[in-house]
Amino acid sequence: GLLPSTGHLFFEKCIQPALLDSSEAPEQHLDLMLFTKRHILAEKCPECAKSLSMFCSDHSVQVLVKREDGKCGYLHASDACFSQKYLVGTSLVAPDSYTTNALFSLSTHYLDADDDAAGWYSLFTLLGVKLFDLSALSIIIPSLNVSQAHHFLTAVIQNWDSVIQTPFKEQNEVFTLLTESKWIPASDGQLYMPQNVFINKSPLLGDLAPFVIPLPPELHADTILHQLGVIGQPIAKDIISLLHHIAQSSKLHSIATLASAYTFLAQLLNECSAKDAASYRQLLASKPWILVPKSRKEPSSDEWYSTEQCVWEDKAGIWDSTRNTVFPQTIRLAASCPQSLRVLSSFSAYANLETQFHSLGIREIPKLDNYISLLTHAASQSGFTKEAVQICLRVLSCFNYINEEEQHRKRLEEEKDESQQVSPSQAEPTSFATQLCILLGDNPVIPTTSCSWASITDPALFLDDDDSEPQFKGVEKGF
């Protein structure tokens, strides 16, 4: 019969302590659990239910679980999981449905003794048994294939209330596992971390952006996917992460498709504040994200480059040169320079993206340091080769263009200051020629008619335009 009105004292003193005993035979344990279930669920002893709830918050009750060898053993209720048989009549799905690994799921001994699945579910929930505890998830997630992951994601969404009702500390650990593991099934047949996959296919990103395999519409999954970190409406940061992820995975895409993504990203940056846009450019520049062909003769051999490794145009016409007047050996020598650059305007797929690339942080022309490095690299090669000479002559000639651009920029700034009545700076800026002499220093990078290299500071160096040795013929052609 049911406990008398004062029976909750008996329950507290005799029944609850026995629930901690893992030395009892399974038959005795089952009798004890049956007694507990019937009285807790009878609603005629609410004191017992309240007492048991408080007891379980401070103690870990022992329950029978299915071990890997198929036998039963005792385990703390907080470390056990439900199996699907205990969820009959509910919309919940047990995690052990999606893995071949043996989870510590409840033994079926309880159902064999009493097939009241709903009653057992209520009791074991009170005792601390979970659908998605940390130990279960840590076993399930690494073992999932794409098909299993699709079903498992459905189960997570169906059981979301159970997931978010776990104790605070464990909830943090569960969320960490769910958000930092590759388990979200995507359209390309791969598993992704939530922050690397999109909820829906983006028409602006095409096949670049993997999206979650469609889920049943009745789940209304978008809100929960957002909470997991899956990308909804992409912002600049999402696209930057996507480009970095694609580059890191070495997965190749058509340059036309990437050009569409670059255009979309540039548009988003143009809509940001100047401060935010600068932050995004800095984030973008931290890793490779630009795909350009390795060789014009081998367009399928592509490589990824960072912001600092690319420019829009090379006035010297050395890197990625399309000019017939530049020797093939010259292009190869320039490409072997440690500070070698890729020139994006040389590739037809990017020909109309000058404004977009500038918005994304790509420089118009190489920095002075890049050219100095190229000069030093070319002149340091063994011998006085025609390709090394061609590089040096072209770069030295290009310095005239840089100097003219510098002077033009200064004139525009002075005119702007005058129109705005801004007092000119007292400090005289360092001239381009002075900067160049400092950077060149004593490096022997000037080709001479004696088939040797001289430094800009060499007192024996002089300019003689009329004395052109045969080895220079054709080299300067095309300036």
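## Elements and overall make-up

Helices, which need at least four residues in state H or I, and strands, which need at least two in state E, are DSSP runs numbered from the N terminus. In this predicted model, the protein chain comes to 18 helices and ten strands. Of its 479 residues, 44% are buried. Among the contacts in the protein chain with a separation of 6 or more, 68% are accounted for by residues 24 or more positions apart.

Asn-196 belongs to the loop that runs between strand 4 (191–192) and helix 10 (222–228). Because the limit for a buried residue is under 20% relative accessible area, Asn-196, at 16%, counts as buried. When residues up to four places away in sequence are not counted, Asn-196 touches Pro-210 and His-245.

Asn-196 is also one of the residues that line the largest cavity, together with Gln-195, Phe-198, Ile-231, Asp-238, Ser-241 and Leu-242. The count of cavities of 30 Å³ or more comes to one, and the volume of the largest cavity is about 30 Å³. Its lining residues divide into three nonpolar, three polar and one charged.

## Aromatic pairs

A pair of aromatic rings is described by two quantities, the distance of the centres and the angle of the planes. The chain has 15 aromatic pairs by the rule used here. In one of them, the ring centres of Tyr-110 and Trp-120 are 5.1 Å apart and the planes stand at 55°, so the pair is tilted. This pair links distant parts of the chain, with Tyr-110 in helix 4 (residues 109–113) and Trp-120 in helix 5 (residues 117–127), ten residues apart. Tyr-110 has a relative accessibility of 0% and therefore counts as buried, and Trp-120, also with a value of 0%, counts as buried.

For Trp-160 and Phe-175, the ring centres are 5.8 Å apart and the planes stand at 65°, so this pair is edge-to-face. Trp-160 is buried, with a relative accessible area of 5%, whereas Phe-175, at 21% relative accessibility, counts as partly exposed.

## An aromatic cluster and charges over rings

Five aromatic residues, namely Tyr-262, Trp-289, Trp-312, Tyr-350 and Phe-357, form one aromatic cluster. Elsewhere, lysine side chains are placed over aromatic rings: Lys-37 lies over the face of Trp-120, at 5.1 Å from the ring centre, and the charged end of Lys-386 sits over the ring of Phe-327, 4.6 Å from its centre.

## A buried histidine in a helix

His-377 is placed in helix 16 (residues 368–379). With a relative accessible area of 14%, His-377 is buried. If residues up to four places away in sequence are not counted, His-377 touches Leu-333, Ser-336, Cys-337 and Pro-338.

## Two partly exposed loop residues

Glu-313 is found in the loop between strand 7 (310–311) and helix 14 (328–335). At 26% relative accessibility, Glu-313 counts as partly exposed, because that class takes the values between the limits of 20% for buried and 50% for exposed. Leaving aside its neighbours within four places in sequence, Glu-313 is in contact with Val-343, Ser-345, Glu-364, Ile-365 and Pro-366. The C-alpha atoms of Glu-313 and Arg-342 are separated by 8.9 Å, although these residues are 29 residues apart along the chain.

Pro-444 has its place in the loop between helix 18 (432–440) and strand 9 (446–447). Pro-444 is partly exposed, with a relative accessible area of 42%. Not counting residues up to four places away in sequence, Pro-444 touches Ala-379, Trp-453, Ala-454 and Ser-455. Pro-444 and Asp-458 are 14 residues apart along the chain, and their C-alpha atoms are separated by 8.8 Å.

Terms used: Residues numbered from 1 in each chain as written. Predicted model: local features only at pLDDT ≥ 70, side-chain atom pairs only at ≥ 80, totals over all residues. Heavy atoms only, no water. Buried < 20%, exposed > 50% of the residue type's maximum accessible area, 1.4 Å probe, protein only. Contact = heavy atoms within 4.5 Å. 1 Å grid on protein atoms, 1.4 Å probe; cavity = no way out; pocket = protein on both sides within 12 Å on 5 of 7 lines; lining within 4 Å. Points joined across faces, edges and corners; volume = space filled by probe spheres on them. Nonpolar A, V, L, I, M, F, W, Y, C, P; charged D, E, K, R; others polar. Phe/Tyr/Trp six-rings, centres within 6.5 Å; stacked < 30°, edge-to-face > 60°. Lys NZ or Arg CZ within 6 Å of the ring centre and 35° of its normal.
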